[in-house]
Amino acid sequence: MFKWLRGLRAAPAIPDAAWQATLARYPFLARPTDEDAARLRTMAAEFLRDKEFHGAHGFVITDEVALAVAAQAVLPVLHLRGGLDWYDDFVGIVIHPSEVVAQRKTMDEAGVVHEYEEVVAGEAMERGPVMLSWQDVLASSVSADQGYNVVIHEFAHKIDMRDGGADGSPTLPSGFAGTSSAREARAAWTDVIQPAYEAFREQTILAERFGGEPTWLDPYGATSLSEFFAVACEAYFVNRAHFGRDFPDVLVRFDEFFLNPRP
Ligand SMILES: [Zn+2]
């Protein structure tokens, strides 16, 4: 789609009662200023205009479903330079009634192919659709204490993959964290995220294998740097206070990235 066309088609307004019901169900959507609250609503309407929802296995896409996904998906790009452009590599969003058993295939270093099944609450494919389990989307209305949010997780992957490949390092804006080149910006990001990920991995291993204290952040984030980024984004957007206590350095970098004021 041509980007300039987006501005030409007015987004249909979201009915007030439906919007208020969404805000009430997902309290972490509350914004500190009226300006931010209005921006969230406008961008959610634009998101609904640009994306196509499909229900799998007979699941019916109601206004409640589409609005819940739109409002949460917009949260990470609310202040990102480029806004919804971060999501313009795909159109489809597939909603399953509950978790999905995905068939996986990997090849190990010896060239042996392993096939296995994985139960997933969501999935984001590069330049492809986003898949979500409605049961898990709904569950995020009450799991902010645990920092859990499947919609933000999958759309964080989309932000990460926007420059090709899920590596836990999205395209950083010029001047990021006071740097003067793309290379320096990348180093400013990696020098904080990589050690935080490695320390978190150690903590999860201590907890799982040696009976150490369980981590607050979802241990799934220890599987790879890209999963760490997605899981950290969930927590950052739904429980900033707890996330900031556990990952003060990452919080600073996330603020610099996600709250980057538009020029
Ligand atoms: Zn993931």
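The protein splits into domain 1 (1-161) and domain 2 (167-263), with bounds that come from an automatic or database domain assignment. This is a predicted model, in which local features need pLDDT of at least 70 and side-chain atom pairs count only at pLDDT 80 or more, while totals for chains, interfaces and linings use all residues. Residues are numbered from 1 along each chain as its sequence is written, and side-chain values use heavy atoms, with hydrogens and water left out. Below is a short tour of the domain contact, the pockets and the salt bridges.

- Taken over C-alpha atoms, the centres of domain 1 and domain 2 are 20 Å apart.
- The contact (heavy atoms within 4.5 Å) takes 26 residues from domain 1 and 27 residues from domain 2.
- About 2100 Å² is buried between domain 1 and domain 2, and carbon and sulfur atoms give 56% of that area; buried area here is the accessible area (1.4 Å probe) that two parts lose on being put together, summed over both.
- On the domain 1 side, R81, H153 and D160 lose the most area to domain 2, together 30% of what that side buries.

**The largest pocket**

- A pocket is found on a 1 Å grid over the protein atoms alone, as an open set of points where a 1.4 Å probe fits, with protein on both sides within 12 Å along at least five of seven lines; lining residues have an atom within 4 Å of a point.
- The largest pocket holds about 470 Å³ of space, a volume being the space filled by probe spheres set on the points, which are joined across faces, edges and corners.
- Its lining has 23 residues, with G122, H153, E154, Y220 and E227 nearest the centre.
- Two or more lining residues come from each of β4 (113-120), β5 (122-124), α6 (150-161) and α8 (225-238); helices (H or I, at least four residues) and strands (E, at least two) are DSSP runs, numbered from the N terminus.
- Helix α6 gives the most to this lining, with 5 residues.
- Domain 1 and domain 2 each supply at least three residues to the lining of the largest pocket.

**The second largest pocket**

- About 240 Å³ of space lies in the second largest pocket.
- Of its 14 lining residues, R31, Y236, F237, R240 and L259 lie nearest the centre.
- Helix α8 provides the largest share of this lining, 3 residues.
- The second largest pocket lies between domain 1 and domain 2, because both give residues to its lining.

**Salt bridges**

- The whole structure has 11 salt bridges (a side-chain nitrogen of Lys or Arg within 4 Å of a carboxyl oxygen of Asp or Glu).
- Across the interface of domain 1 and domain 2, the rule finds 0 salt bridges.
- R41 and D16 pair through their side chains in a salt bridge, at 2.9 Å from N to O.
- This pair links distant parts of the chain, 25 residues apart, with R41 in helix α3 (residues 34-50) and D16 in helix α2 (residues 16-25).
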